[in-house]
Each structure stands twice: as structure tokens, then as C-alpha cells.
Amino acid sequence: MARDVLVQASNLHRHYGQHHAVAGVSIRLQQGEVLGLLGPNGAGKSTTMQILTGNISPASGEITIAGIDLLDDPREAKKHIGYLPEQPPVYRDMTVLEYLRYCAKLHGLRSKNIISAVDFAMQRCGLTDVGKRLIGNLSKGYQQRTGIAQAILHQPSVVILDEPTVGLDPIQINQIRDLIRELGSDHSVILSTHILPEVKIVCDRVQIITQGKTVFEDTLEDLERSHGDPVYLMGFESEIDTQKLSTLEAIDEVESLGFARYKIHFNGQPHMADTLCKLAFTENWKITELTPQSSSLESIFLDLVHQEGQTA
């Protein structure tokens with residue numbers, strides 16, 4: 001069954017003087033999906049999220065939220081968005097309860113619904129035991145939870161979180177990641193981060209942005225499959241003539257590991273293992289090892305970012 005598209009942003013651009021912060025980014029978010037917006041610091045992630053939430057306007061491009069044009073009807077479109085900026089918009093001199101009730105009024109909730117909405121958000125974000133405490137006296141982790149609670153008070157269809165785990169300790173990071181995964185069951189979520197493991201743990205799909213441009217958009221599995229250069233470890237009973245390996249069009253590089261073992265880099269052509277075995281049979285090389293290796297997600301991510309930096 002096809003899922004509804006809740007965020008559709010096309011060809012977004014934004015300039016700061018001569019700096020092209022967002023250069024043609026398009027984003028598509030379906031119902032029930034957690035999308036990771038991944039990129040190095042300064043890649044344009046926060047600017048993109050501010051555009052998607054209507055906090056700043058794009059120089060050009062189109063945005064619809066739940067089918068509503070954000071630029072033509074921002075008030076109605078924003079009713080479907082919950083937003084946590086990188087710095088949580090909390091008032092340190094308010095208690096958690098006071099702050100969330102205040103936010104509920106800002107979201108336009110009716111008085112009779114405020115208590116139940118606040119109770120639900122506090123339970124969902126694990127804030128029930130700290131409701132009467134001043135926000136300024138809470139840990140950074142609880143302040144982040146309070147920021148997320150204000151973003152889901154009005155039960156928006158789309159929740160947008162900008163670097164929600166920055167500045168947290170490892171225990172708090174795991175707790176916030178668990179919370180984000182739970183939110184994905186009821187909301188569609190866009191999560192901005194520069195931390196690859198966060199995307200691997202939390203997200204259904206990844207969009208990598210660097211230099212204000214999208215350089216990849218799909219699942220992490222597809223990222224590994226389409227951008228990981230195939231590598232094989234091969235072992236033989238005795239040393240071989242590596243020059244004969246290097247003449248194959250499918251092979252980019254042959255590294256000697258010693259003791260008749262080699263790391264062989266391919267260029268993506270199909271049936272690579274068959275090609276190796278046929279050559280070994282022809283040359284009477286007795287194979288003792290043939291092990292495929294895949295590039296790590298970290299190395300693929302760094303390669304994508306580096307390649308874009310070179311072409312910029």
C-alpha cells in the first residue's frame with residue numbers, strides 16, 4: 001500500500017551573501033518514515049530544516065506539508081509540523097509543566113484538551129517525574145526531552161529534529177535515540193545529524209548533504225551496495241604473477257599482503273569472483289582463500305563528502 005507523502009520540497013535554494021548555503025536540495029518524506037539528514041558541520045542541514053519549518057524563506061523552491069503549500073499558507077501548514085531546533089527553545093525559569101502548558105496554548109490547543117495533551121507528551125518523553133522541576137535545574141538530556149515534548153504536543157504528522165543528541169552523554173544519547181525510534185511509529189520524522197551511527201540506529205532512509213547539495217538519497221543498505229567498491233581477499237598456495245591480475249579490465253589495484261595473500265580492488269564490473277577463478281584456473285594458481293569485503297559506511301560517507309568538496 002502506498003504511503004502518503006507528508007513533506008515534498010523541491011529544488012530549494014538559500015543564499016547568505018555570496019554563500020550558497022542550500023543549492024537545489026529536494027526532500028520527500030512519507031508517512032511513518034524516519035529520514036536522516038546527514039552531513040558534516042556546515043553542510044546546510046540546519047538551513048534546510050529552518051526552510052522546511054517555515055522559519056526562513058527559500059530564495060526559490062516549493063514546499064508542501066501534508067499537501068499544504070508552506071509558502072502560500074504557512075499558518076495552516078505549520079499546524080502539521082513539530083520542530084526542535086538545535087538549541088531547545090525552553091524557558092529555564094519555568095517548570096516543565098508550566099512550559100508545556102504555555103506551548104500548548106501557542107500551538108492553539110483548546111483549554112479542555114491542554115491537560116491531556118501535556119500529560120501524553122510528558123509520558124511519551126519520560127518527563128512525568130520531573131514535571132514540577134525548573135527546566136534550568138534539569139540535565140541537558142531532560143531539557144532535550146522537554147524540547148521534543150513541546151514539538152509533539154499538538155500531535156503533528158511531521159516532527160523535525162535538528163541535532164537532537166548534541167551535547168549529551170552516552171546514556172542520554174541512547175535514551176533520545178530510543179525516543180526518536182518510538183516517535184517514528186506515530187509521526188514522520190526528519191532527523192538532522194552529522195553522526196553516521198545515529199542514522200544507522202534510528203533511520204529508515206538517509207539523505208547525505210554537503211556543500212548545500214544532496215550527494216546521496218536512499219537506504220543505508222543501498223548506500224553500501226551502490227557506493228562500496230568491491231574488494232576481495234585472495235590467497236594462493238604460492239606467490240603469483242600479479243602483473244597478470246593487473247591486466248584484467250575489472251581490476252583497479254592489487255595489494256600484496258605477504259605470504260601469497262592479496263587484496264584485489266575491482267571497479268564494479270559484474271561476475272568478479274568468476275573472473276578471478278577463471279584466471280587462476282588458466283594459470284594453474286591454487287586458491288586457498290577468496291573472501292569478499294565491503295567498504296565501511298564511514299569510508300563511503302567520507303568519500304562522498306570528499307568528492308563533492310573537490311568538485312565545488
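This is a predicted model: local features need pLDDT of at least 70, side-chain atom pairs count only at pLDDT 80 or more; totals for chains, interfaces and linings use all residues.

Me: How many helices and strands does the protein have?

Reply: Helices (H or I, at least four residues) and strands (E, at least two) are DSSP runs, numbered from the N terminus. Here there are 11 helices and 14 strands. Of the 312 residues in the protein, 46% are buried, where buried means under 20% relative accessible area with a 1.4 Å probe, protein chains only. Contact means heavy atoms within 4.5 Å; among contacts between residues at least 6 apart in sequence, 68% join residues at least 24 apart.

Me: What is the strand order in the open sheet of 6 strands?

Reply: Two strands pair if DSSP finds at least two bridges between them. The order is β6-β7-β8-β3-β9-β10, and the pairing is mixed. Ignoring direction, neighbouring strands are turned by 15° against each other on average.

Me: Which strands pair with β8 in the parallel sense?

Reply: One is β3 (residues 34–38), which pairs with β8 over 5 bridges, with Leu-38 opposite Thr-193. Another is β7 (residues 158–162), also parallel to β8 over 5 bridges; there, Val-158 has Ser-188 as its bridge partner. Between β7 and β8 the chain passes through helix α6 (residues 170–183), in a right-handed β-α-β crossover. Right-handed means that, with the strands pointing away from the viewer, the path from the first strand over the helix to the second runs clockwise.

Me: Why is β8 described as largely enclosed by the rest of the structure?

Reply: Because 6 of the 6 residues of β8 (residues 188–193) are buried. Ser-188, Ile-190 and Ser-192 point one way, Val-189, Leu-191 and Thr-193 the other way, and all are buried.

Me: What pairs with β3 over 4 bridges, and which helix packs on the sheet?

Reply: Strand β9 (residues 205–210) pairs with β3 in the parallel sense, and Leu-37 stands opposite Gln-207. Helix α1 (residues 45–52) packs on the sheet and touches β3, β6, β7, β8 and β9; its direction makes about 150° with that of β8.

Me: Now the helices: how do α3 and α4 cross?

Reply: Two packed helices are described by the angle between their axes and the distance between the axes. Axes are lines fitted to C-alpha atoms, for helices over the stretch in contact, with angles from 0 to 180 degrees between N-to-C directions. The axes of α3 (residues 96–106) and α4 come within 10 Å and cross at roughly 125°. That makes α3 oblique to α4, oblique being what remains after under 35 degrees (roughly parallel), over 145 (roughly antiparallel) and 65 to 115 (roughly perpendicular). Among the residues making the contact are Leu-100 and Arg-101 of α3 and Ile-114 and Val-118 of α4.

Me: Is Ile-114 buried or exposed?

Reply: Ile-114, in helix α4 (residues 111–124), is buried, with a relative accessible area of 7%. Beyond its neighbours within four places in sequence, Ile-114 is in contact with Arg-101, Ala-104, Lys-105 and Leu-109. Leu-100 is 14 residues from Ile-114 in sequence and 9.0 Å away in space, C-alpha to C-alpha.

Key
Residues are numbered from 1 along each chain as its sequence is written. Side-chain values use heavy atoms; hydrogens and water are left out. Buried means under 20% relative accessible area, exposed over 50%, partly exposed in between (1.4 Å probe, protein chains only).
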